[in-house]
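Me: I am new to this structure. Please show me how to read it, one feature at a time.

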Amino acid sequence: MSGKPKLHYFNGRGRMESIRWLLAAAGVEFEECFLETKDDLTKLQKDGSLLFQQVPMVEIDGMKMVQTRAILSYIAAKYNLYGKDLKERALIDMYVEGLLDLNELLMAHVAQPADKKEQHLATIVDKATNRYFPAFEKVLKDHGQEFLVGNRLSKADVQLLETILMAEEYKADILAKFPLLQSFKARISNIPTIKKFLQPGSQRKPPLQEKDLPKVMKIFY
Amino acid sequence: MAGKPKLHYTKGRGKMESIRWLLAAAGVEFEEEFIETKEDLEKLRNDGVLMFQQVPMVEIDGMKMVQTRAILSYIAAKYNLYGKDLKERAWIDMYVEGTTDLMGMIMYHPFQPADTKEKNLALIIERATTRYFPVYEKALKDHGHDYLVGNKLSWADIHLLEAILMAEECKPDILSAFPLLQAFKGRTSNIPTIKKFLQPGSQRKPQTDEKFVATVRKIFNF
């Protein structure tokens with residue numbers, strides 16, 4: 001059934017945000033159905049709409065797709081953001097997997113107990129600046145191109161921008177030692193579809209505040 | 001550069017085991033270089049061959065690939081185990097993510113603290129029998145084919161067999177409520193490349209015991 005993709009999730013970033021970014025970057029309009037209570041989740045589970053009883057779930061092209069990575073791969077392939085051949089896809093997948101690992105770390109911060117928060121923030125900064133960002137700075141340096149893979153926009157570039165912006169929310173100057181990532185950030189942010197997504201009023205979600213955490217936990221636990 | 005893929009990991013299953021399974025099922029011979037000590041891992045890191053300082057790493061087709069899913073996707077696509085089109089790939093990806101989640105729980109089980117181990121095992125069994133296996137049983141029931149997707153062997157089938165066998169190590173009769181999965185297991189185990197991999201002497205790795213847990217903790221420092 002054609003029509004806009006429909007996203008089922010709570011009204012926050014979580015694991016759905018990367019999917020929102022990719023659809024937006026691809027210029028694809030989408031609708032959202034927000035889970036506000038546990039009952040909303042239970043209803044979807046009872047409907048048989050969630051293959052493994054979990055969200056994200058995206059209704060797209062007649063499928064009720066679940067599993068973030070499966071959804072991202074489908075969208076990337078459909079909208080030509082997945083490189084031109086197997087080897088480019090391999091590089092894109094490697095880069096995205098690394099970035100999703102960093103994303104998980106960033107997302108976990110809001111739920112850390114108060115006495116662990118400072119240590120966790122230090123870990124985030126350490127991993128971002130010693131493990132992940134150097135790897136991508138090097139990729140850009142080695143080929144001198146504007147995009148991570150194949151001299152063309154791909155899901156890897158979209159994911160890298162998303163992750164950079166999230167990391168900067170934790171430490172504003174986190175890109176201080178990475179000049180190529182700084183210019184990458186500016187360049188990719190200026191791509192019209194992405195620029196639009198970065199403006200107020202778009203479907204991009206704000207970071208989860210600690211005060212909103214109980215509501216989210218109630219939906220899932 | 002042609003030549004056999006070369007796997008860099010410990011001598012245990014961990015995150016590399018699914019890669020061994022997939023290569024074996026595809027009939028691809030591979031070499032292994034084992035990380036036995038912390039120093040072995042440090043050397044790989046210092047050599048600059050691990051993009052994110054982590055293993056698994058697989059040298060394949062001139063690339064030093066890291067990130068388990070990326071490696072598995074590449075192998076699946078290369079050896080025609082990824083369906084015939086985008087939609088079949090979508091289903092394979094969804095199914096594989098489910099078995100990845102289940103096998104991830106089982107993989108971490110030996111590393112759980114002693115006081116939560118029993119509860120964790122109960123959770124694994126619950127998830128296997130109420131969340132994951134029903135999905136695959138239903139998939140097989142709905143289309144009546146021998147394979148999960150597209151009436152042809154794919155990565156999803158190989159991954160499911162691996163998950164089934166791992167789950168049975170947790171509870172031998174875990175498939176008792178799933179007759180189609182039992183038949184699936186019998187059938188898929190008999191595919192020549194897979195049958196070979198299931199025989200003693202293959203590169204399939206044994207379950208992680210307490211002694212190996214200690215080794216792994218030392219290598220990866222956790």
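Reply: Start with chain A. Over residues 85-208, chain A is 67% helix and 0% strand, and the end C-alpha atoms are 37 Å apart. Helices (H or I, at least four residues) and strands (E, at least two) are DSSP runs, numbered from the N terminus. UniProt lists that span of chain A as "domain: GST C-terminal", in an unreviewed entry. UniProt positions follow the numbering used here, feature names are shortened, and annotations may be inferred rather than shown by experiment.

Me: What does UniProt list at residues 3-83 of chain A?
Reply: The record gives "domain: GST N-terminal" (unreviewed entry) there. This span of chain A is 36% helix and 22% strand, with its end C-alpha atoms 26 Å apart. UniProt places a feature of that name at residues 3-83 of chain B too. There, chain B is 36% helix and 20% strand.

Me: What kind of model is this, and how are things counted?
Reply: This is a predicted model, where local features need pLDDT of at least 70, side-chain atom pairs count only at pLDDT 80 or more, and totals for chains, interfaces and linings use all residues. Residues are numbered from 1 along each chain as its sequence is written, chains are lettered from A and ligands numbered from 1 in the order in which they are written, and side-chain values use heavy atoms, leaving out hydrogens and water.

Me: What is the mean pLDDT of chain B?
Reply: pLDDT is the predictor's confidence in each residue, from 0 to 100. For chain B the mean is 97, and 99% of its residues reach 70 or more. The complex gets an ipTM of 0.96 and a pTM of 0.97.

Me: How much area do chain B and chain A bury between them?
Reply: The size of an interface is often given as the accessible area lost when the parts come together. Buried area uses a 1.4 Å probe and is summed over both parts. Here chain B and chain A bury about 2900 Å², 67% of it on carbon and sulfur atoms. B:Met51, B:Phe52 and B:Met94 supply 21% of the area that chain B buries against chain A, more than any other three residues.

Me: How many residues does each chain give to the contact?
Reply: Contact means heavy atoms within 4.5 Å. Chain B gives 33 residues and chain A gives 32.

Me: Which side chains meet in a salt bridge?
Reply: A salt bridge is a side-chain nitrogen of Lys or Arg within 4 Å of a carboxyl oxygen of Asp or Glu. The rule finds 1 across this interface. A:Glu97 and B:Arg69 form a salt bridge, at 3.6 Å from N to O.

Definitions and conventions. Buried area is the accessible area (1.4 Å probe) that two parts lose on being put together, summed over both.
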